[in-house]
Amino acid sequence: MSRIKKRERVFMQGNIAAGEGAIAAGARFFAGYPITPSSEIAQHASINLPKVGGTFIQMEDEIGSIGAIIGASMAGAKVYTASSGPGISLMSENIGLACMVEAPCVLISVQRVGPSTGLATKPAQGDFFQARWGTHGDHSIIAVSPATVQECFDLTIKAFNFAERFRTLVFVLMDEIVGKMYETIDIPDIEEIKVENRKIATCPPEEFKSYNFVEDLIPPFAPFGGIRISKANGSGHGLDGYPDTNPENYDRLVRRLTDKIENYKKEICLYKAFNCEDAEILIIAYGCSTRPGLAALELTRKDGLKVGLLQLQTLWPFPDHLIRKYSEKVKKIVVPELSLKQLKSEIERYVKNIPVVGVNKVGGISITPQEIVKEIEMEYK
Amino acid sequence: MMKYNGKKFLKRELLPFFWCSGCGNGIVMGCIIRAMEECGFSRENTVVVTGIGCWGKADDYLTTHAFHGTHGRALTIATGIKLVNPSLEVIALVGDGDGATIGGNHLIHAARRNIDITVIMSNNFIYGMTGGQYSGTTPLGAITSTSRYGHVEDEFDISELVKTSGAAYVAKGTVANPLQLQRFISKAFKKQNGFRFIEAMNICPTHYGRANKLGKAPEMIEKLRKSSINIKLAKDMKQEELEGKIIVGEYIDKKVDGYIRRYKEIQKRAAK
């Protein structure tokens, strides 16, 4: 391992913690292209992967990077790449390829302010929907988002576990603030880290089908080079991976690709609830905006206001069940985010009877606790 | 050379090929599967990676491991596969639109870093599947569905480009001479290290042939044969004499470390 052998407490950067989490989760292949504010993740991979027999390669662009990790994944490795909005835009087509061929991969996106080159490289949370709908066509996707350096480590491991378990691409949607920040974190003993591996096919080779329909909807995997001949196909395919253009078959395939994630929503949707039991006002936040949100909670609780905070650690599939549950008893929802209401608009799909107000900034600086406090206090005026 | 038929690599129940009648892709396919057998490849140790286009359908007829990826990106996928499992024979099948145009950047970089894979490009000077548009290898003046008044751009000599980029082995053959083409492919397969590139000059009677009034497939093949000049002979010929000729033969055959071997050294250095 790079640093992780035994339990220790270390002062670490968010990007590096994500890189450490990846290697702890068993990742052995990284292909990437330089872009701030994610650069440290690639640098960390280039130093640490060869130490553990893994491979780092810097590709000619982001399209090549995601192509390489998808190929590497189908050859059996745990794989990841790291980038930011502009790079993710370039990767978009192959995000769909990963979903379609069901290649477990982790894509760490350290958000910066867009659109286009934007302000290189100031923080933003404008890629909430890019993670969900960056690629074309119907599909489901998983995205987790850390708010602390500790979570950069922990949720990256979770992301690999989800990728392996559900055979899909998983986003770790970070942001410049969390990625570049240093905090002290607890690294567990390597033995204590729960690591999941993809389900491997065990049937007789002649019976193997690359996309066999099984009860849990996740086809058992056979790596390239094994005795079970594996066919990955980004075009419409039947159970054996060979082309099938039959409408019923394709409809079934796309529904399965969606259901294999959506059916497990409750297991995938990670969150933290702070002071929600008696809350009248609920802050809902993710990533860097969780931090001023928590500070605002503390300030307003001191004044006796009943404020709670729901931190979404999983963004996609969207935790509508949690939104419904936690909004039941509150009078108002406040959504701080570094974007023009992307998260807020998604919440509003599920909350119809109480006001949902945003605290929004897109100028490349963080939201302050006071800006959130102001929005909370309005309710009591 | 014909003692190998390569049948074990062909998914015969899916025949006939979906390609148009007269298309040269079947000839290239035959050369590949025979060369695979000759070189002792097995279904289990071979991965064929394709992109999108007429030639991108090639893996549909093969019994090996296969990855049918996205347009222009076959080499990136092949790179990932080879790096994770170096013991595999990784073959990328790309067309001129797929490999030399949208995927041109990946091609030169894969050649530069000498990734240890074999690429077989079927070059028919045109995008077939989308209706006969011009590609990066369409010759100046050629008529295509997007160059109705004659093509305004010069074409790439892809073999020269890949050679200059640093590839270990580059050869150009034609579907008019399958024995030679197969020999080049076998040689590429047998070479253990570095990036190996075969350009198979091909015909598209449906689009390119019809638009440029080149006749039916047999006539087009005959024209290919007549315009082919061996690279050894071409060396002593003047530029004017080579106008419109296809220079066939081995462009480069050199010994290189290859990416895998070099990266193994990096791993050793890092582990110290």
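**Reading helices, strands and contacts in a predicted model**

Tutor: In helix α2(B), the residues B:Ala74, B:Leu75, B:Thr76, B:Ile77, B:Ala78, B:Thr79, B:Gly80, B:Ile81, B:Lys82, B:Leu83 and B:Val84 are buried. The model is predicted: local features require pLDDT of at least 70 and side-chain atom pairs pLDDT 80 or more, whereas totals for chains, interfaces and linings use all residues. Residues are numbered from 1 along each chain as its sequence is written, and chains are lettered from A and ligands numbered from 1 in the order in which they are written.

Student: What makes a residue buried, and how are the elements assigned?

Tutor: A residue is buried if 20 or more other C-beta atoms lie within 10 Å of its own, exposed if 12 or fewer, and partly exposed in between, with C-beta atoms placed from the backbone. Helices (H or I, at least four residues) and strands (E, at least two) are DSSP runs numbered from the N terminus. By the burial criterion α2(B) is mostly covered, with 11 of its 11 residues buried.

Student: How is the packing of two helices described?

Tutor: Two packed helices are described by the angle between their axes and the distance between the axes. Axes are lines fitted to C-alpha atoms, for helices over the stretch in contact, and angles run from 0 to 180 degrees between N-to-C directions. Helix α2 (residues 74-84) of chain B packs with helix α4 (residues 104-112) of chain B at about 35°, their axes being 8 Å apart. B:Leu75, B:Thr76 and B:Thr79 of α2(B) and B:His106, B:Leu107 and B:Ala110 of α4(B) make the contact (two residues are in contact if their C-beta atoms, placed from the backbone, lie within 7 Å). These residues divide into three nonpolar, three polar and no charged; Ala, Val, Leu, Ile, Met, Phe, Trp, Tyr, Cys and Pro count as nonpolar, Asp, Glu, Lys and Arg as charged, and the others, Gly among them, as polar.

Student: What span should helix α1 of chain B have?

Tutor: The expected span of a helix is 1.5 Å times one less than its number of residues. The 14 residues of α1(B) (residues 25-38) should therefore span 20 Å, and the end C-alpha atoms are 20 Å apart, in agreement. Because 10 of the 14 residues are buried, α1(B) is largely enclosed by the rest of the structure. The buried residues, including B:Asn25, B:Cys31 and B:Arg34, pack against β1 (46-50), β4 (118-123), α6 and β8 of chain B. After α1(B) comes B:Gly40, with a positive phi near 75°.

Student: Which way do the residues of strand β7(B) point?

Tutor: In a regular strand the side chains alternate between the two faces of the sheet. In β7(B), B:Tyr169, B:Ala171 and B:Gly173 point one way and B:Val170, B:Lys172 and B:Thr174 the other way, and all are buried. Six of the six residues of β7(B) (residues 169-174) are buried, so the strand is largely enclosed by the rest of the structure.

Student: With which strands does β7(B) pair, and in which sense?

Tutor: Strands of a sheet pair through backbone hydrogen bonds, either parallel or antiparallel. Two strands count as paired if DSSP finds at least two bridges between them. β7(B) pairs with strand β8 (residues 196-201) of chain B in the parallel sense over six bridges, and B:Val170 stands opposite B:Phe197 of β8(B).

Student: Which residues does B:Gly249 touch?

Tutor: B:Gly249 is found in β10(B). B:Gly249 touches B:Ala171, B:Lys172, B:Asn230, B:Ile231 and B:Lys232, not counting residues up to four places away in sequence. B:Gly249 is partly exposed because 19 other C-beta atoms lie within 10 Å.
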